[in-house]
Amino acid sequence: MTRALELAARGLYTTTPNPRVGCVLVRDGAVVGEGWHERAGEPHAEAHALRAAGDRAQGATAYVTLEPCAHQGRTPPCVDALVEAKVARVVAAMQDPNPLVAGKSLERLRAARVEVACGLLENEARELNIGFVSRMTRGRPWVRMKIAASLDGRTALLNGRSQWITGAEARRDGHAWRARACAVLTGIGTVMDDNPQLTVREVETLVQPIRQPIRVVVDSRLETPLSAKVLGPGTLIAAAAGNAPGAKMLADEGAEVVVISPRSWASSRGAGSTKCTWRRVTS
């Protein structure tokens, strides 16, 4: 299972929105096949491992970091492939939190008289797919905040001339976290002061081209300059003033403008939440 997790981690920057999954097939104490999910829409880890094993998959044990899928998507159900290959045992690190699966594959395997175990290195498997788990179980993304600050709590020089207070190694680490995210969010202040690109540039991946996260700018009054490096396809501007003159111009630059307007503000404040409506502005 440790090897399966290592394989799954190879898809850390490329499988979104699918989970990262690795699979190792073992027969008579020897590895006969292994694989990992490389990119959404392409074969899953189990399919790669079964293809590598061929006839040697019969009677083998499959170690997989996530319960095999049980539904037809862009690829066929992996649980059916395992049954057809006549594996003897399936060890899953964790149950799939996706309601379309959620234990169904494990039951199908048992019904096919395949020995099943679940929970081996579950914490490690969950951490590898913490965003996927959060989306499936809470309906919300897993949010990370990156703050570069000095020991006295400062994020920039007082004269505003500094672009970074971090070193090259820290910036590379930031790009690695950015690469595994679905979206990167910043405010209009950062756009005005630093003019960032918010793209992944300093991370090497096994699958090319690298997947770029959506770039999100919180800009209530639509003040993002048309010269901002963040603009272009894959950029979303979250605003509160959809009728501002800049809305259409930003959309013409390739950005998607989403207007979020507070509704029933007074009553919702008392409930501890904010009810909002939103609409898209296109070119």
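Helices and strands are taken here as DSSP runs, a helix having at least four residues and a strand at least two, with numbering from the N terminus. On this basis the protein chain, examined as a predicted model, contains 10 helices and 10 strands. The C-alpha trace spans about 65 × 45 × 35 Å along its principal axes, and the accessible surface comes to about 15900 Å², of which 52% belongs to carbon and sulfur atoms. Of the 283 residues in the chain, 40% are buried. Among contacts between residues at least 6 apart in sequence, 58% join residues at least 24 apart.

The second largest pocket has a volume of about 410 Å³. Its lining is made up of 24 residues, and those that lie nearest the centre are Asn 18, Pro 19, His 44, Cys 69 and His 71. By residue class, the lining divides into 10 nonpolar, 8 polar and 6 charged residues. Two helices, helix 2 (45-53) and helix 6 (130-138), each supply at least two residues of this lining, and the largest share, 3 residues, comes from helix 6.

Helix 6 also has a buried side, to which Ile 130, Phe 132, Val 133 and Ser 134 may be assigned in the sense that each of these residues is buried. The cover over the buried residues of helix 6 includes helix 5 (122-128). Just after helix 6, Gly 139 takes a positive phi of about 70°.

In soluble globular proteins, nonpolar side chains tend to be buried together. The largest nonpolar core of the present model has 44 residues, of which Leu 25, Leu 82, Val 87, Val 90 and Leu 109 touch the most other members. A second, separate core of 16 residues includes Ile 188, Leu 198, Ala 228 and Ala 255.

Leu 109, another of the residues named for the largest core, has its place in helix 4 (residues 104-111). This leucine counts as buried because its relative accessibility is 0%, which falls under the 20% limit for a buried residue. Apart from neighbours within four places in sequence, Leu 109 is in contact with Val 79, Leu 82, Val 83, Val 90, Val 114 and Val 116. With Val 79 the separation along the chain is 30 residues, whereas the C-alpha atoms of the pair are separated by 7.1 Å.

Gly 174 is found in helix 7 (residues 168-179) and is buried, since its relative accessible area is 16%. Between Gly 174 and Val 83, which are 91 residues apart in sequence, the C-alpha to C-alpha distance is 42 Å. Ala 181 lies in the loop between helix 7 and strand 6 (183-187), and with a relative accessibility of 22% it counts as partly exposed. Leaving aside neighbours within four places in sequence, Ala 181 is in contact with Arg 211 and Pro 213. Ala 181 and Ala 255 are 74 residues apart in sequence, and their C-alpha atoms are 19 Å apart in space.

Most residues other than glycine have a negative phi, and most peptide bonds are trans. Against this background, a cis peptide bond joins Thr 16 and Pro 17, with omega about 10°, and Pro 17 has its place in the loop between helix 1 (2-8) and strand 1 (22-27). A positive phi of about 65° is found at Arg 113, although this residue is not a glycine; Arg 113 lies in the loop between helix 4 and strand 5 (115-118). Leu 222, likewise not a glycine, has a positive phi of about 55°, and is found in the loop between strand 7 (214-218) and strand 8 (235-239). As to accessibility, Arg 113 counts as exposed because its relative accessibility is 79%, whereas Leu 222, with a relative accessible area of 9%, is buried.

Terms used. Residues are numbered from 1 along each chain as its sequence is written. This is a predicted model: local features need pLDDT of at least 70, side-chain atom pairs count only at pLDDT 80 or more; totals for chains, interfaces and linings use all residues. Side-chain values use heavy atoms; hydrogens and water are left out. On a 1 Å grid over the protein atoms alone, a cavity is a set of points where a 1.4 Å probe fits but cannot get out, and a pocket is an open set with protein on both sides within 12 Å along at least five of seven lines; lining residues have an atom within 4 Å of a point. Grid points are joined across faces, edges and corners, and a volume is the space filled by probe spheres set on the points. Ala, Val, Leu, Ile, Met, Phe, Trp, Tyr, Cys and Pro count as nonpolar, Asp, Glu, Lys and Arg as charged, and the others, Gly among them, as polar. Buried means under 20% relative accessible area, exposed over 50%, partly exposed in between (1.4 Å probe, protein chains only). Contact means heavy atoms within 4.5 Å. Accessible areas come from the Shrake-Rupley method with a 1.4 Å probe; for residues, only the protein chains shown count as cover. A nonpolar core is a set of buried Ala, Val, Leu, Ile, Met, Phe, Trp, Tyr and Cys residues joined through side-chain atoms within 4.5 Å.
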